[in-house]
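Hello,

Here is the structure you asked about. Please look it over first, then read the notes below it.

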Amino acid sequence: MTSNTQQLAITFTCPCSHGHVFASRSALEQHKRTNRHQAWENRNNSNAADLTRRDNRILQLEAQLEYQTRLNEDKVEVIGRLREQLRVAVEVPSSNQPHLSNDEIEELVRKYERVKKTNVELRRKLVRVQSELADTFQDAPLPQD
Ligand SMILES: [Zn+2]
C-alpha cells in the first residue's frame, strides 16, 4: 500500500564516514569499494578477530585455572592425610601405634615428600596461569563505539 501523504526519507550512510550522507544507494555501494572504506573494514575485522582470540584465550585460561585449582586442592588433601599418618606413626606412644615397620614409615615419608613437591609445582603453574589471565585482561583493547 502506498500513501502520498507520508514520505519516507531514506538516508544512505556508512559507519566509516560519520555524518556523511550519500546521494543514493549506488553512491553508497560505490563508496564501499573505495580504499578509505576498505581500510576501515579491514581494521574493524581485525579488531573483531583480536577480540575473539582474546575471549577464547580467557575462556581457556579460566578453565585451566579451575582445573589447576582443583588438582591443587586434591593434593592439599592428600598432604593432610599423609601428614596425619606420619604424625601417628612418629608421635603416638609405641604401645598405641598401629603396626608400621620402619620401611613403611620411610615409604610414607617418601610419598609425603613426593606429593609435597607436586603440590609446589602445581602452585607455580597456578600462579603462571593467574598472571597470564591478568595480562590478557590488561591487554584488552578499549571497547570501540
Ligand atoms: Zn564506508
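Strand S2 (residues 17-22) is hardly covered: of its 6 residues, the number that are buried is 0. A residue counts as buried if 20 or more other C-beta atoms lie within 10 Å of its own, exposed if 12 or fewer, and partly exposed in between, with C-beta atoms placed from the backbone. Helices (H or I, at least four residues) and strands (E, at least two) are DSSP runs, numbered from the N terminus.

Two notes on reading the model. Residue numbers start from 1 along each chain, as its sequence is written. The model is predicted, so local features need pLDDT of at least 70 and side-chain atom pairs count only at pLDDT 80 or more, while totals for chains, interfaces and linings use all residues.

Confidence next. pLDDT is the predictor's confidence in each residue, from 0 to 100. The protein has a mean pLDDT of 82, and 85% of its residues reach 70 or more.

Now the overall layout. The protein has 3 helices and 2 strands. From the N terminus on, their order is β-β-α-α-α. Of the 145 residues in the protein, 1% are buried.

Back to the strands. S2 pairs with strand S1 (residues 12-14) in the antiparallel sense, over 3 bridges. Strands count as paired if DSSP finds at least two bridges between them. S1 and S2 form a hairpin, with 2 residues between them. Cys14 stands opposite Ser17 in S2.

Helix H1 holds Leu28. Is Leu28 buried or partly exposed? It has 18 C-beta neighbours inside 10 Å, so Leu28 counts as partly exposed. The C-alpha atoms of Leu28 and Phe12 are separated by 6.4 Å, with the two residues 16 apart along the chain.

Then the helix pair. How do H2 and H3 run relative to each other? The axes of helix H2 (residues 35-91) and helix H3 (residues 102-138) come within 8 Å and cross at roughly 160°. H2 and H3 are therefore roughly antiparallel. Axes are lines fitted to C-alpha atoms, for helices over the stretch in contact, and angles run from 0 to 180 degrees between N-to-C directions. Under 35 degrees counts as roughly parallel, over 145 as roughly antiparallel, 65 to 115 as roughly perpendicular, and the rest as oblique.

H2 passes H3 in a left-handed crossing. The residues of this contact divide into 19 nonpolar, 9 polar and 10 charged. Here Ala, Val, Leu, Ile, Met, Phe, Trp, Tyr, Cys and Pro count as nonpolar, Asp, Glu, Lys and Arg as charged, and the others, Gly among them, as polar. Left-handed means the near helix is turned anticlockwise from the far one by less than a right angle; clockwise is right-handed.

Two residues to look up here. Arg54 lies in helix H2. Arg54 is partly exposed, with 15 other C-beta atoms within 10 Å. Its C-alpha atom is separated by 7.1 Å from that of Thr136, 82 residues apart along the chain. Tyr112 is in helix H3. Tyr112 is partly exposed, because it has 17 C-beta neighbours inside 10 Å. The C-alpha atoms of Tyr112 and Leu86 are separated by 8.7 Å, and the residues are 26 apart along the chain.

Best regards
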